[in-house]
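Work through these exercises with the model in view. Try each task before you read its solution.

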Amino acid sequence: MAVSEYKNASFEVVTPGMMTTVQDGGRVGFQQYGMPVAGPMDGESYAIGQALVGNTTPVGALECTVLSPTLKVKGTCIVAFTGADMRPTINNVEVPRYIPFVCHDGDVLSGSFSQCGVRMYISFAGGIDVPEINGSVATHTKANIGGFEGRPLAAGDEVRLKDCTCDTIICDYTRESNHLFNTVLFNRGGRECHEPLRVVLGSQAKYFTEAGIRNFSSELYTLTIQCDRMGFRLDGAPVEHIDGADIISDGAVFGSIQVPSDGNPIILMADRQTTGGYTKIGTVITADLPRLSQLPIGDGITFDIVSVEEAQEMYRAYVKRLHERIQLAEQQSHYVFNVVK
């Protein structure tokens, strides 16, 4: 293996895609002060991308929504694409997700509308070099903080990358080099996209009627156009309250399911508020959040109610599987591919 230094690299945004933001592991530890966490919607795809480019701490990557951006590289860098299949390309050559590539001065990264999933992650060795706010570079657009000027990327932006050193073997990318790919990384190894989302009922479930809970656990709900990084608003059979939807505001977590007075659930996502004053019927389990984050507007979802003990067992199995995939990604990071022009 050869040790290579990557310095003074950046990329220019030629076209920004539909919504491309800088995200890292999130702004953890500040919710008590009213600061949202932000961070990746699909934390699994983000974490594997970081491992693929050799980053040992969660640093800034791009979260791309529905449509890939087009980026022109300045200098030399290592990149990897994970998450949704936006058919990524380097210099118009379609490349696989879940393996790292070296890009040179003038190379163009691009892609298309997503073929499967909603959010793709572009990770860079060293990470994206933007100012930290409360220990994180995660973009929260509603608060206009983090990332690149607190907003989605726009055409003409030039974004710097952090300097880094990588211990790698660089191989020319060909179909014959497939034996060097950890193809198991493509397979999440979990439930299919349209299997029910598993939910643990919370202490506020007592505020809902039996009919309301029955609707929630048996009916089909549709992701409405009012879905964003803050929350997924659903439409379907109303989840009926016993006596109103309002409570004294309390803490909100990723996956909490609020039910306002109209009875249509709202699943709180990465950019959620720190507290909320609507009753929460339950919380989507951690293992199902990455799958949820990749569902498009218009998709239908159902819910399965599981016990706390079942959710804990599912969590242990999920973390074990994710850890194994991250270890494979770390091994893959030593084999970096070069797209021959």
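The exercises below go from the whole chain to single residues.

This is a predicted model, where local features need pLDDT of at least 70, side-chain atom pairs count only at pLDDT 80 or more, and totals for chains, interfaces and linings use all residues. Residues are numbered from 1 along each chain as its sequence is written, and side-chain values use heavy atoms, with hydrogens and water left out.

**Exercise 1. The whole chain**

Task: Describe the fold in numbers, and decide whether the radius of gyration agrees with a compact globule.

Solution. 
- Step 1. Take the secondary structure. The protein chain has four helices and 24 strands. Helices (H or I, at least four residues) and strands (E, at least two) are DSSP runs, numbered from the N terminus.
- Step 2. Take the box. Along the principal axes, the C-alpha atoms fill roughly 65 × 40 × 30 Å.
- Step 3. Apply the globule rule, which is 2.2 Å times the number of residues to the power 0.38, with the radius of gyration taken over C-alpha atoms. For 341 residues the rule gives a value near 20 Å; the protein chain has 21 Å, so the two agree.
- Step 4. Look at burial. Of the 341 residues, 51% count as buried. Buried means under 20% relative accessible area, exposed over 50%, and partly exposed in between (1.4 Å probe, protein chains only).
- Step 5. Look at contacts, meaning heavy atoms within 4.5 Å. Among contacts between residues at least 6 apart in sequence, 78% join residues at least 24 apart.

**Exercise 2. Cavity and pocket**

Task: State what lines the largest cavity and which elements give two or more residues to the lining of the largest pocket.

Solution. 
- Step 1. On a 1 Å grid over the protein atoms alone, a cavity is a set of points where a 1.4 Å probe fits but cannot get out. A pocket is an open set with protein on both sides within 12 Å along at least five of seven lines. Lining residues have an atom within 4 Å of a point. Grid points are joined across faces, edges and corners, and a volume is the space filled by probe spheres set on the points.
- Step 2. Count the cavities. There is one cavity of 30 Å³ or more. The largest cavity has a volume of about 40 Å³.
- Step 3. Read its lining. Tyr6, Lys7, Ala9, Thr76, Cys77, Ala125, Leu161, Lys162 and Cys164 line it. By class, six are nonpolar, one is polar and two are charged. Here Ala, Val, Leu, Ile, Met, Phe, Trp, Tyr, Cys and Pro count as nonpolar, Asp, Glu, Lys and Arg as charged, and the others, Gly among them, as polar.
- Step 4. Turn to the largest pocket. Its volume is about 940 Å³. It has 44 lining residues, and the closest to its centre are Gly43, Tyr46, Ala47, Pro58 and Ile326. Two or more lining residues come from each of helix H1 (43-52), strand E13 (164-172), helix H3 (289-293) and helix H4 (308-332).
- Step 5. Sort the pocket lining. It has 25 nonpolar, 15 polar and four charged residues.

**Exercise 3. Positive phi**

Task: Where do Val66 and Tyr98 lie?

Solution. 
- Step 1. Val66 lies in the loop between strand E4 (61-65) and strand E5 (70-74). Val66 is not a glycine, yet its phi is positive, about 70 degrees. At 30% relative accessibility, Val66 is partly exposed.
- Step 2. Tyr98 lies in the loop between strand E8 (93-94) and strand E9 (100-103). Tyr98 has a positive phi of about 70 degrees and is not a glycine. At 4%, Tyr98 is buried.
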